[in-house]
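Please work through the following exercises with the sequence and the coordinates at hand. Each task is followed by a solution in steps.

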Amino acid sequence: MPTTPPPALEPILTPAHLRLWQETDAFAAQYIAPCVQGMEAKPHRVERLAAQLMAERHWFGVTIPAQYGGMAAGHVAKTIIIHRTAVVSAAVAAILQASLIPVGAVRHWGTVEQKAQWLPQAASGQTLFSIAVTEPEMGGHIGGMETIAERQGDWWVLNGKKAHIGNSHLAGLHVVVARTAPPGVGASQALTAFLVEDDRKGLTKERHRPGLGLHGFTFGRLRLDGVRIPAANVLGPIGKGLDIAQSISITYGRPNLTAVSLGIHEALVNTTAQWLSSRRRYDGYLSDLPVPRDRLGRMQARLQIAESSAYGAVNLFDRGKRCDAQLIGAKHSGHELAADSARDAMESHGAHALDGDYALQRLFRDIQCTYSPAGTAEFQAIQLAKTALDEPTVEWSEHFAAEAAWARPDPTPA
Ligand SMILES: Cc1cc2nc3c(=O)[nH]c(=O)nc-3n(C[C@H](O)[C@H](O)[C@H](O)COP(=O)(O)OP(=O)(O)OC[C@H]3O[C@@H](n4cnc5c(N)ncnc54)[C@H](O)[C@@H]3O)c2cc1C
């Protein structure tokens, strides 16, 4: 059912945001909630219907400029859609957010031709995207990646393996980062991003195996065995794959995962409040007792901090402000706060939390899945320490804001 945003968000949300909030709540209640039980009962199945329903609403184009058929609604709007969907199903929200990350890469790093070809397909939901950076052996150590791309005339040939790739089994286009320089060249010059269509010969996927949580969402493995792609499919400058991966992870990946963990967090608080106020004890309910109330109050306090930091960060980004540290910090604390609340929620339910089909188990499993993507807490902390120490960093939010300013039409009459 449609909810009202918390008062702390009033200064941020416009009337259009408020409408989107309520529309998303209504959509999630009507169309997503009925899918959830089936997704949990059949975790080997890849959820496609929910993606199709979101595509019909053009949500895969929320951040895409109108000239490409997108909603051009910005990052607060994107956070609203992911957050409100994740309250009902984090897995469905994950399908949406995983495509929006590489869409950002094409939007900010693509050529005029690449944008004209791919962004309309993304906006309509006809083609979902994935971003393939992580590898089975090197994990989050991007500089150590072993996937290689070699130039052969007008073609590039890719060989390697990618792991934990969001939308691995739904995407029609994969943004693959691979090594293009010989050993010894530093990561900042050695990697390049490529657009690899899903039907390219030599690209295969391992069978979808369900993970601990986010059932229905695929984050599986890709194999690239001699995949040949034309030189026109190079995304961004050759050698700048690290910049592309990092800039998009900070400005799209982190806020997207923040919004997913925020939705799970809210569902944890709601589920626990309902439980405490319906579980009879003495002459009343558990919610009448000081200790369970105190625990619930702490959960609510964490949720409020997570909400303010999630929306505060993307609001800065929408307003063209320098906000990398805020986007990173919101991801870091959003997950940590929600994970603390997940433990409180489990313990507040006693043994009831362990019953097979109770919703809380899904939430507890799903929150484990927002730790790693778009950088683990350790990597966020490494970057935040630089902010605390006032050490120089590339500010991607500022870079993209400046780019948007250049792209504005010249208001001077011809
Ligand atoms: C749901 C989900 C969706 C994902 N989607 C994508 C996707 O779409 N595309 C993609 O490319 N990847 C994706 N990933 C992968 C994700 O980006 C990686 O899990 C993450 O980068 C960490 O890599 P790893 O899991 O291999 O851990 P590792 O890199 O092996 O690290 C293991 C542990 O060691 C710590 N560690 C490692 N190196 C250091 C260091 N130098 N200093 C301190 N601590 C360190 C890490 O923080 C972590 O706690 C996804 C993961 C999940 C769970």
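This is a predicted model: local features need pLDDT of at least 70, side-chain atom pairs count only at pLDDT 80 or more; totals for chains, interfaces and linings use all residues.

**Exercise 1. Helix packing**

Determine how helix α9 is oriented relative to helix α10, and which residues form the contact.

Solution. 
- Two packed helices are described by the angle between their axes and the distance between the axes.
- For α9 (residues 324-348) and α10 (residues 359-368), the angle is about 150° and the axes are 10 Å apart.
- Angles over 145 degrees count as roughly antiparallel, so α9 is roughly antiparallel to α10.
- The crossing of α9 with α10 is left-handed.
- On the α9 side, the contact consists of H335, A338, A339, A342, R343, A345 and M346; on the α10 side, of L360, F364 and I367.
- Sorted by class, the contact of α9 with α10 comprises eight nonpolar residues, one polar and one charged.

**Exercise 2. Aromatic pairs**

Classify the ring pair W21 and Y311 and the ring pair F27 and W59, and state where each residue lies.

Solution. 
- A pair of aromatic rings is described by the distance of the centres and the angle of the planes.
- Ring centres within 6.5 Å define a pair, and the count by this rule is eight aromatic pairs.
- The ring centres of W21 and Y311 are 6.1 Å apart and the planes stand at 35°, so this pair is tilted.
- F27 lies in helix α1, whereas W59 lies in the loop between α2 (49-56) and α3 (74-88), 32 residues apart.
- Both F27 and W59 are buried.
- F27 and W59 form one aromatic cluster together with Y31.

**Exercise 3. The surroundings of N315**

Is N315 buried or exposed, and with which residues is N315 in contact, leaving aside neighbours within four places in sequence?

Solution. 
- N315 is located in helix α8.
- The relative accessibility of N315 is 15%, so N315 counts as buried.
- With neighbours within four places in sequence left aside, N315 is in contact with I12 and V76.
- A401 is 86 residues from N315 along the chain, and their C-alpha atoms are separated by 13 Å.

Notes
Residues are numbered from 1 along each chain as its sequence is written. Side-chain values use heavy atoms; hydrogens and water are left out. Axes are lines fitted to C-alpha atoms, for helices over the stretch in contact, and angles run from 0 to 180 degrees between N-to-C directions. Helices (H or I, at least four residues) and strands (E, at least two) are DSSP runs, numbered from the N terminus. Angles under 35 degrees count as roughly parallel, over 145 as roughly antiparallel, 65 to 115 as roughly perpendicular and the rest as oblique. A crossing is left-handed if the near helix is turned anticlockwise from the far one by less than a right angle, and right-handed if clockwise. Contact means heavy atoms within 4.5 Å. Ala, Val, Leu, Ile, Met, Phe, Trp, Tyr, Cys and Pro count as nonpolar, Asp, Glu, Lys and Arg as charged, and the others, Gly among them, as polar. Rings of Phe, Tyr and Trp (its six-membered ring) pair if their centres lie within 6.5 Å; planes under 30 degrees apart count as stacked, over 60 as edge-to-face and the rest as tilted. Buried means under 20% relative accessible area, exposed over 50%, partly exposed in between (1.4 Å probe, protein chains only).
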